There are 2 protein chains.
Amino acid sequence: MTSAEHPPHVDPSFVVLRETVQPDDVGIVRDIVVSTGFFTAVEVEVAIELVQEHLARGTRSGYCFLFAELERRTVAYACYGPIACTVGSFDLYWLVVQQALRHRGLGRYLVQAAEARIAQAGGRRVYIETSGRALYQPTQAFYERCGYAPEAVLHDFYAPGDPKIVYSKALAAGAL
Amino acid sequence: MTSAEHPPHVDPSFVVLRETVQPDDVGIVRDIVVSTGFFTAVEVEVAIELVQEHLARGTRSGYCFLFAELERRTVAYACYGPIACTVGSFDLYWLVVQQALRHRGLGRYLVQAAEARIAQAGGRRVYIETSGRALYQPTQAFYERCGYAPEAVLHDFYAPGDPKIVYSKALAAGAL
């Protein structure tokens, strides 16, 4: 995308990152996810359930959150967590930016911030699962720009004709 | 294995399958999993947590159980469930047989019984994830005998040098 198509990137110094999860994040996450027009009703419910799981069980839920606030409004979030029974493998489950603020660098900033926290927590590798459908080509290109490589394809995973691509990235501890 | 090494297979007509999960299954699952000497303490905890999740939330937990009883004793179990945000994909999370009763056909019987229930619930594909380490070669061979094919390998997934193999099997609705 060129600057003619989108406003310039948000200056990271204006972005406040927040890790604590609050009860009103249930509605905030719903609004952000719905705003994209990208996710099905079931997917929206799953996104919300992960917030509720964290509210109920804290980090024992396995779901960590990173919210990006601009002018005290939460406009994007990442949800990630350690993969059970692994040494240092993490999943990045969700990364969503409020529709009106997409293409401003917030997603990339959140990915980098999540990776830094994962590395601090002893993470070695980050996995991202996404659909291989054409609808997801911008998603796939975004993760590849962030340094993720497709490591596996599971055919007919999401539905017949809808494969899952597993992206991974090895974190270099010294690089963060 | 030949019959010289192991007693003959258990007659399936002696096996009672049970799907309801009861509070004492927490201890039963712990005993079965520990008996194998195969799983780490963390893995045992995860196995137990899935039972507790089912007791707390029922099928909404996403974890279904199938227990095999012999002479009113629970001697093996399978844990499986639908994969969120997919149409008809299921994970077979755990399949464990009491150590003293291994190599008697109970594992295979449980896999087939779980597949039948998955197909009845609209399942199309079953996934099994296991380690690519040498320790797991009997596990890998067992799933291949059950008709599962390795579809993807994620290097360094469980730990450096310990890859994850993703096995899958397409269920033929008419065949069950």
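The model is predicted, so local features need pLDDT of at least 70 and side-chain atom pairs count only at pLDDT 80 or more, while totals for chains, interfaces and linings use all residues. Residues are numbered from 1 along each chain as its sequence is written, with chains lettered from A and ligands numbered from 1 in the order in which they are written.

Chain A has 4 helices and 7 strands, taken as DSSP runs numbered from the N terminus (helices H or I, at least four residues; strands E, at least two). Along the sequence they run β-α-α-β-β-β-α-β-α-β-β. The C-alpha trace of chain A spans about 40 × 40 × 40 Å along its principal axes.

Helices H1 (residues 25-35) and H2 (residues 41-57) of chain A have axes that come within 9 Å and cross at roughly 155°; axes are lines fitted to C-alpha atoms over the stretch in contact, and angles run from 0 to 180 degrees between N-to-C directions. H1(A) and H2(A) are therefore roughly antiparallel (angles over 145 degrees). Residues meeting across this pair (C-beta atoms, placed from the backbone, within 7 Å) include A:Val29 and A:Val33 from H1(A), and A:Ala47 and A:Val51 from H2(A).

Turning to the chain pair, 18 residues of chain B are in contact with 18 residues of chain A. On the chain B side, helix H2 (41-57), strand S6 (149-159) and strand S7 (162-170) each give two or more residues. S6(B) supplies the largest share, 7 residues.

Key
Angles under 35 degrees count as roughly parallel, over 145 as roughly antiparallel, 65 to 115 as roughly perpendicular and the rest as oblique. Two residues are in contact if their C-beta atoms, placed from the backbone, lie within 7 Å.
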